[in-house]
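Please consult the sequence and the model shown below while reading.

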Amino acid sequence: MTSDKRGMHGIWASRWTFILAAVGSAVGLGNIWKFPYITGENGGGAFVLVYLLCILVAGIPVMIAEVLLGRRGRMSPIHTMQAEARRQNAPRFFSGIGWMGAVSGFFILSFYSVIAGWTLAYIGEMASGTFNGADATVAGETFGNLLGSPWVLLGLHTIFMIMTGFVIARGVKHGLEDGVRLMMPLLFVMLILLLGYAITTPGFGQGWNFMFSFDFSKLTTESIVVALGHSFFTLSLGMGAIMAYGAYMPSEASLTKTIFTVAFLDTLVALVAGLIIFPIVFSHGMEPAAGPGLMFQTLPIAFGALPGGAWIGTAFFVLVAIAAWSSAISIAEPAVAWAVEKGIKRGTATIMVCVLAWVLGVGTVLSFNEWGDKQFFVTETISESVTDPVSGEVSAKTLSSSFHLYANTTDLKAVPLAEGTERAISGKTFFDILDFLTANILLPLGGLAIAVFVGWLMRREDSANELQADETVYNVWRFMLRFLSPLAILFIFINGLL
Ligand code: TRP
């Protein structure tokens with residue numbers, strides 16, 4: 001029933017095209033936007049170290065497993081997993097990995113498109129010279145104004161979704177190969193140029209230390225969960241995106257070498273992005289923990305200070321938008337490929353997937369304005385500062401702490417406080433929930449399921465045949481996939497839950 005679907009989507013021209021497409025998928029907002037801001041929120045160095053460990057221990061072995069599955073199945077992740085689970089007599093649960101991935105894909109695409117829309121806005125802001133000679137205040141206000149305009153955000157989200165649908169509808173091969181071949185090298189040149197600038201800023205040393213001096217006291221269980229989740233997000237793992245691309249990979253290409261190249265380039269781009277952004281943060285007395293606006297409030301200052309910066313900045317945001325574009329395509333591809341295998345025309349399938357993700361994206365658009373105060377998992381803490389009568393030290397003493405599954409934070413803040421007490425509120429908006437659910441829960445769970453399936457349930461000769469690596473490489477990989485990767489994921493999960 002499934003054999004006629006095999007290979008119906010075509011094959012990449014060569015191993016290098018797969019590398020380009022996979023790097024196009026992996027390198028995106030995750031590297032340039034998300035990595036620096038979560039590093040900033042989680043205290044820097046120690047977080048970076050944990051992230052690198054997660055890439056090595058869980059990311060790379062699972063990535064090899066995912067591409068291996070795709071190339072063996074030569075179908076959409078949903079059908080590949082169904083067929084492969086049957087062939088290996090695996091428990092029914094494993095045939096559903098593809099479905100779980102498709103759901104995560106919709107969630108991710110919905111917010112990814114909204115953030116990518118911000119980069120489109122910044123192309124215009126840069127070109128019109130908004131940031132010439134701008135300081136942190138101008139940069140902050142420009143970003144705040146953008147987030148405060150739901151209609152603008154909605155329009156940009158719509159444009160980006162149409163761009164994504166356009167390429168997917170043309171087919172991954174024709175739509176993707178050309179674009180990625182041109183844009184990846186340009187993005188690298190641009191990052192090197194910006195790194196050169198960052199090195200000359202007074203904050204470079206501080207930025208470097210922030211990223212690479214490992215202060216483990218700043219590391220919390222939550223930040224370890226975030227690091228693990230991000231290692232999957234940035235490598236496009238755990239939802240079938242890279243599995244779908246693996247399905248179009250030539251049979252004779254070496255999997256291990258290819259994956260190492262992809263993971264290395266992806267990690268390099270993230271680290272360079274951090275080394276560009278943090279020196280600017282410290283040179284201008286900004287906050288590393290500024291959250292999702294970090295990239296949008298730091299880089300424009302750098303461009304504003306450079307001669308010809310408006311042009312360089314315009315080009316830069318064009319490249320970031322293209323990087324996001326080539327990633328968004330891979331997020332949608334598994335669901336579209338599945339629908340095509342079901343007999344739906346590629347164009348129709350694309351419209352269905354994009355419209356669904358677009359509708360969900362409206363929630364993310366509103367999270368930054370109208371719904372900003374509508375939050376879930378809200379903790380409200382009231383504290384007072386007490387001065388130690390002996391040492392004179394001032395410390396905060398928690399008076400009460402309350403938890404609400406849902407709360408309107410504006411209403412919470414409207415309740416008057418007793419004199420001398422302070423209130424802190426933390427909760428999650430619609431966007432925060434989607435982000436947390438996908439990156440920190442669904443992707444690692446998908447990765448865990450893939451590791452267990454390929455490591456424990458797939459016959460050894462089957463994985464060995466597909467990998468075609470030399471004996472030692474195969475054994476090291478298999479050992480990591482069977483033991484290190486699942487244990488690392490489980491350990492982090494269980495700690496995170498407690
Ligand atoms: N890796 C991309 C980035 O870093 C985003 C992405 C593309 C992705 N495909 C994915 C994330 C699949 C998770 C799953 O921006």
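## Thr 258 in helix α12

Thr 258 is found in helix α12, which spans residues 255-283; helices (H or I, at least four residues) and strands (E, at least two) are DSSP runs numbered from the N terminus. Thr 258 is buried, because its relative accessibility is 0%; buried means under 20% relative accessible area, exposed over 50%, and partly exposed in between (1.4 Å probe, protein chains only).

The side chain of Thr 258 makes a polar contact of 2.9 Å with the side chain of Arg 15. A polar contact is a pair of N or O atoms within 3.5 Å; within protein, one must be able to donate a hydrogen and the other to accept it, and residues adjacent in sequence count only if both atoms are side-chain atoms. Leaving aside residues up to four places away in sequence, Thr 258 touches Arg 15, Phe 18, Ile 19 and Met 249, where contact means heavy atoms within 4.5 Å.

## Basis of the model

This is a predicted model, in which local features need pLDDT of at least 70 and side-chain atom pairs count only at pLDDT 80 or more, while totals for chains, interfaces and linings use all residues. Residues are numbered from 1 along each chain as its sequence is written, and side-chain values use heavy atoms, with hydrogens and water left out.

## Salt bridges

The whole structure contains eleven salt bridges, each defined as a side-chain nitrogen of Lys or Arg within 4 Å of a carboxyl oxygen of Asp or Glu. One of them joins Arg 72 and Glu 84, with the closest N and O atoms 2.9 Å apart. This pair links distant parts of the chain, Arg 72 being in helix α3 (residues 45-73) and Glu 84 in helix α4 (residues 77-87), twelve residues apart. Both Arg 72 and Glu 84 are buried.

Another salt bridge joins the side chains of Asp 462 and Arg 459 at 3.4 Å, N to O. Asp 462 counts as buried because its relative accessibility is 12%, whereas Arg 459, at 36%, is partly exposed. Arg 72, Glu 84, Arg 87, Arg 459 and Asp 462 are linked in a network of salt bridges.

## Ligand surroundings

A backbone N or O atom of Gly 30 is 2.7 Å from a ligand oxygen, and a polar backbone atom of Ala 26 is 2.9 Å from a ligand oxygen.
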